[in-house]
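Good morning, and thank you for making time for this presentation.

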There are 4 protein chains.
Amino acid sequence: MVAANLAVAQAKPRARDLGVPFDGTPGVYNAITDVKGVEVGHTTLISGSGKLKVGEGPVRTGVTAVLPRGKDSLDPVFGAWFTLNGNGEMTGTTWLEDSGFLEGPVMITNTHSVGVVRDAVIAWRIKKAPPDSEGYSWSLPVVAETADDDLNDMNGFHVKPEHAFHALDTAHGGPVEEGNVGGGTGMICNEFKGGIGTSSRVLDATAGGYTVGVLVQCNYGSREQLRIAGINVGREIPEHTVWQKDVGSIIVVLATNAPLIPTQLKRIAKKISLGLGRDGSYSGDGSGDIFIAFSTANPGAVGTQGLHQLTMLPNDSLDPIFLATVQATEEAVVNAMVAAETMTGINNHTVIALPHDRLREALKKYNRLSK
Amino acid sequence: MVAANLAVAQAKPRARDLGVPFDGTPGVYNAITDVKGVEVGHTTLISGSGKLKVGEGPVRTGVTAVLPRGKDSLDPVFGAWFTLNGNGEMTGTTWLEDSGFLEGPVMITNTHSVGVVRDAVIAWRIKKAPPDSEGYSWSLPVVAETADDDLNDMNGFHVKPEHAFHALDTAHGGPVEEGNVGGGTGMICNEFKGGIGTSSRVLDATAGGYTVGVLVQCNYGSREQLRIAGINVGREIPEHTVWQKDVGSIIVVLATNAPLIPTQLKRIAKKISLGLGRDGSYSGDGSGDIFIAFSTANPGAVGTQGLHQLTMLPNDSLDPIFLATVQATEEAVVNAMVAAETMTGINNHTVIALPHDRLREALKKYNRLSK
Amino acid sequence: MVAANLAVAQAKPRARDLGVPFDGTPGVYNAITDVKGVEVGHTTLISGSGKLKVGEGPVRTGVTAVLPRGKDSLDPVFGAWFTLNGNGEMTGTTWLEDSGFLEGPVMITNTHSVGVVRDAVIAWRIKKAPPDSEGYSWSLPVVAETADDDLNDMNGFHVKPEHAFHALDTAHGGPVEEGNVGGGTGMICNEFKGGIGTSSRVLDATAGGYTVGVLVQCNYGSREQLRIAGINVGREIPEHTVWQKDVGSIIVVLATNAPLIPTQLKRIAKKISLGLGRDGSYSGDGSGDIFIAFSTANPGAVGTQGLHQLTMLPNDSLDPIFLATVQATEEAVVNAMVAAETMTGINNHTVIALPHDRLREALKKYNRLSK
Amino acid sequence: MVAANLAVAQAKPRARDLGVPFDGTPGVYNAITDVKGVEVGHTTLISGSGKLKVGEGPVRTGVTAVLPRGKDSLDPVFGAWFTLNGNGEMTGTTWLEDSGFLEGPVMITNTHSVGVVRDAVIAWRIKKAPPDSEGYSWSLPVVAETADDDLNDMNGFHVKPEHAFHALDTAHGGPVEEGNVGGGTGMICNEFKGGIGTSSRVLDATAGGYTVGVLVQCNYGSREQLRIAGINVGREIPEHTVWQKDVGSIIVVLATNAPLIPTQLKRIAKKISLGLGRDGSYSGDGSGDIFIAFSTANPGAVGTQGLHQLTMLPNDSLDPIFLATVQATEEAVVNAMVAAETMTGINNHTVIALPHDRLREALKKYNRLSK
């Protein structure tokens, strides 16, 4: 099945396939799922067309679930978060910050559906297994959002608990669907159609051979500032812009199998900013640029009895991971735009996809097309 | 109606009425509503008895709404927050932190109903008024929680959107109902029945005459550590304890009409810890001790056009406000316990109220009974 | 020599000896040095009398050094810090926060001598040993301060590098000198003579048997708010006050041998506030209330090659450590006042010591004298 | 004199003069001093050559002073700070964070001279004017650093108090000396000779016409990652690298005359990261990437009596300032490298300047040379 998905995924070109040059070595899927155990599921809701009637549609939204150890593990992971610009929501971060643990999945949806998804994660956890020795460990779920109200009837509250359940239940490893899927369905990125994007890096064996994977729900940015591979691509494709400013938001989820403690993951979460910097972001006032990073190493670290034995990478070995973080973030954003397709939503509002040929032309103009 | 409520409230003794000595001068209601404009509403849900059947009850829970400028104003206030121990949730804090504004009400409920209340606040806002020039300004609601699963069928998800609406729609100034009401219905404080408590302080005219009001949803603490007016009252009333440890949580909402900017409100939020310290808290690992502070001064400060003229109290005039913060917090916690009544919840679990006579005896033993 | 010091220390009564009741079990010395390996050294500078002549004196100041693993180890410890009120300085905290490591000693001196002590620590480190593989590891020293300008010619810059060297070179385990010594020489606490104080707690074997030790440089507080063992002792001894407000500062250094990671030490640093709350602090605007916590467990964790194996106590085992933190902080402050002696400084300004008999009388009045 | 300096400065090409394309409109001097009132002074210490003899040299270091309102004003400014990577020092930030005020100059020097410069700022303040009503307001000076030990005898402690005095006393408006001057004398940036760089942006009148100025002490980065105008210039000039990794640090000082409160300045400080992202930084473990931002608007805001009237730009007008921040940071780093000249320091270690012709060639190769 993974192979089949892979075939599908490969049928659709990704940024590298178009000749966008990126540094570093990606994993097999060039996806967050290259970090062993990580699973991703999407629920995509698309229905109706034409004029907005609140509560009826049109609907262009969804839910994405990222499960650090897959849907069958209840074992928390070390985690940390960072906010570059806070005009957004990521629930569950108060306990993440204090405990150093991410105790369940990371869910991403639209701004007005954070609540329903949050409580649904608790309900799903209750159904899944009896409470742990300390009570229900997923009672403070992590749910993030970006706003899709340019295309979606966001005030119609179309996301229901079953949509969260479905994203969780269908999560899988292997290739990750990108573009107009899951929480990213109705999102807009640098005034092109945006959505979900992912990328990964595998470190050299001398640096430990660890994997760093990034998944973004990309809904931020202005066309005018967009840089791809350092080139101001947005200025080469000025037509059909949406806002003429940096509104919207981006949620970034980073996974690694490197054995890091929460203090170190916090540092990594901060470095995600630099990847967005390479892509030209200036993180406008209206943006909710919120990042979360976790490590799948050290299973069982949350355990409630006795002492735990942990493995930690020294701080002065973090540089290759910092660099991989920047690179994978830079690429995941571009992958989101490359995968997304032109969409028409509420009130017949259309947002165009990044035209692949024009992207190649722009890179070629600046001698940046690879090969 | 306020007068009638006042009569009711006065019929029930508060901590001061029992002879507990506190410093400082409270406002008319000795409540958060002494800060002009602040309104508080509760929805209290009590039904069923006996053995827990998830989804059926017994139900001992609710919702409390604190509206900084009352339910008819959409004008944000300057705000800030602080976490003493993070095993809890307060949504909306990412934007609060970054923007310096609290853009809607502060809602408090049980842990597993944060989501439904969050989305309901958005729905309520949408019904209330057309979007502002920047879109819906309450799209990132502030909702906090403590866990009532010792008494309430928390996994039954009994809080519905209409319960949030009701708390918002019935919010009022004047006396504030305390104890087993609203979000505090099923809460436990220092192993006595807890819930909602409030208190206020009015500064001397030389200090500006400002008012500081505090409201707590009190669900934290161990009997053994409880101090009232400095006396280890918990040790004088050792029977019918619940956990023998500091589990549970406390949400503290602080309002003031002093003209403070967000940086200053952050400092005040931190000082709330000192009030809990006076009451004997050590803020256990299981506790979600999360505080929010706002100022009703500077109306219109969020406005989106032109420059704003603000008034600011100098930093070196903050001391009386810091002291009032500590004092009002110290008292609000005791008021919650004094007002709460013995409750029997799921599985016939009973939590006793703080016995008023025993409290007086304990204070008398240590020569601390006032008058 | 330790035995001799112990005899000296015992000759001077501490708070417990006076009948002040405290909870919990202290270690052998009831000092931060009960945490194995921790050493403390003081340089005390007292000279001159009478009218202030800037640069000439009178001098009432000094330097205190706390060495996490003793003066002969260069091995960093895990650490974290927290600011309750930021009107003060603790250098080195930027790297402490990001790295999770305290790489050298914690030094405490007066406000205007932080710089000279900081650079002196680097010079001492350079003399002590060749650079480590990453360069000099103590190049970002941690130096904190409180202001002694009510008694000391602080603008005369009387602290010199050799005074820092001496505090480091004479650091020792065993009993810790308290009161008018080291950095605490000219300090004022709750408008009594203050200075250095210390205390410790040993956890039950069932909680791991760990030790928590606290050392304070105590220069904060208002007489009117001072609580000892819950009693408003300050109001019982109202004469000879200094400022009638909460000015000054307090530096708190906490050591433990419990195996904690930096995230956990950050939580502990926050809980120090609660101990100050018990003592009546409201942490005034002029106060620099800055706390640092470190763990001597996990030696070698900073190492620069390969992976490190760490031991970590689970979060849900932290409660006894949180409680010990609050208790040891509460007691260390009182120990500082009990040990300090009346001092006359610049311009013949005299600050009285807390009168032991009056303290006992106050506690007796409220039935709080132990035994 | 300003004119003369301008002539000198113009004699030396800056990045724009070489054809490096940047967005946005700089001020008259394209310097932090375009923000009215800001003054910059340097003390440059260069002496000796050949083999390192600790304490004797060679010396390649200095001090830079940035005075928000010039050297003759003692009026604090609103400020905030942010750390992207914390392997560095900026003293005074604890009070900056809590108070929201920067109360004196920002000083920058080498890592091992932070202490001497810090205490010297206090001494300078004492000489300058009598204490304010609250005592000496510059007692918690802001001093930052980067390490110059690849070229300078940093363990020789060659910076003396008079060097700090000189930087303060000679501070001036108008053109700012860049490259191997002041604190930047011995610094290395992206493995080229680095040091001091500056740039500014003037907003459109429709955005308020405010000025944003940035000054960097640039000592960070790896050649391999360096991007200029989006082009991987470092890879085009691979010879004479220094470390092959991202070591070193960067201090960024941002000034604006826009009327911003501290919460807003904190947001701006965070956005500085994005400018470094554009230049290719991944902010390695060894880097102290610490940023400070202040606003010269609202003079007198710190005053200690009565209420203050402030002016505040609304949050949703911040976007042009965020973008200017990113642009000015991006350019200031390049200006530092363009201005710096090849230097030989301790042990005859030579670090080459960025060759201007090679830079132009690289940009031309990618069709990025302006005009």
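Let me begin with a cysteine: A:C218 has a relative accessible area of 0% and is therefore buried, where buried means under 20% relative accessible area, exposed means over 50%, and partly exposed lies in between, with a 1.4 Å probe and protein chains only. A:C189 likewise counts as buried, at 0% relative accessibility.

Before I continue, a word on the basis of these values. This is a predicted model, in which local features need pLDDT of at least 70 and side-chain atom pairs count only at pLDDT 80 or more, while totals for chains, interfaces and linings use all residues. Residues are numbered from 1 along each chain as its sequence is written, chains are lettered from A and ligands numbered from 1 in the order in which they are written, and side-chain values use heavy atoms, leaving out hydrogens and water.

What do A:C189 and A:C218 form? They form a disulfide, with sulfur atoms 2.4 Å apart; the criterion is a pair of cysteine sulfur atoms within 2.5 Å. This pair links distant parts of the chain, 29 residues apart: A:C189 is in strand 7 (residues 188-189) of chain A, and A:C218 is in strand 10 (residues 211-219) of chain A. Strands (E, at least two residues) and helices (H or I, at least four) are DSSP runs, numbered from the N terminus. A disulfide is a covalent bond between the sulfur atoms of two cysteines.

How many disulfides are there over all chains? A search of the whole structure finds 4. Among them is the pair C:C189 and C:C218, with a sulfur separation of 2.4 Å. Both C:C189 and C:C218 are buried. Another joins D:C189 to D:C218, S to S 2.4 Å. D:C189 lies in strand 7 (residues 188-189) of chain D and D:C218 in strand 10 (residues 211-219) of chain D, so this pair ties together parts that are 29 residues apart in sequence.

I turn now to the interface of chain A and chain D. Here 40 residues of chain A are in contact with 40 residues of chain D, contact meaning heavy atoms within 4.5 Å. The two chains bury about 3,300 Å² between them, 45% of it on carbon and sulfur atoms; buried area is the accessible area (1.4 Å probe) that two parts lose on being put together, summed over both. On the side of chain A, the residues that lose the most area to chain D are A:L274, A:Y282 and A:D285, together 19% of what that side buries.

Across this interface there are 6 salt bridges, each a side-chain nitrogen of Lys or Arg within 4 Å of a carboxyl oxygen of Asp or Glu. Which element gives the most to the side of chain A that touches chain D? Helix 6 of chain A does, with 8 residues.

Finally, the arginine. B:R368 sits in the segment after helix 8 (356-365) of chain B. B:R368 is buried yet has no salt bridge, and the nearest side chain of opposite charge, B:D23, is 6.3 Å away; Lys and Arg count as positive and Asp and Glu as negative, with His and the chain ends not counted. The side chain of B:R368 does reach the backbone oxygen of B:A229, at 3.1 Å.

How values were computed: A polar contact is a pair of N or O atoms within 3.5 Å; within protein, one must be able to donate a hydrogen and the other to accept it, and residues adjacent in sequence count only if both atoms are side-chain atoms.
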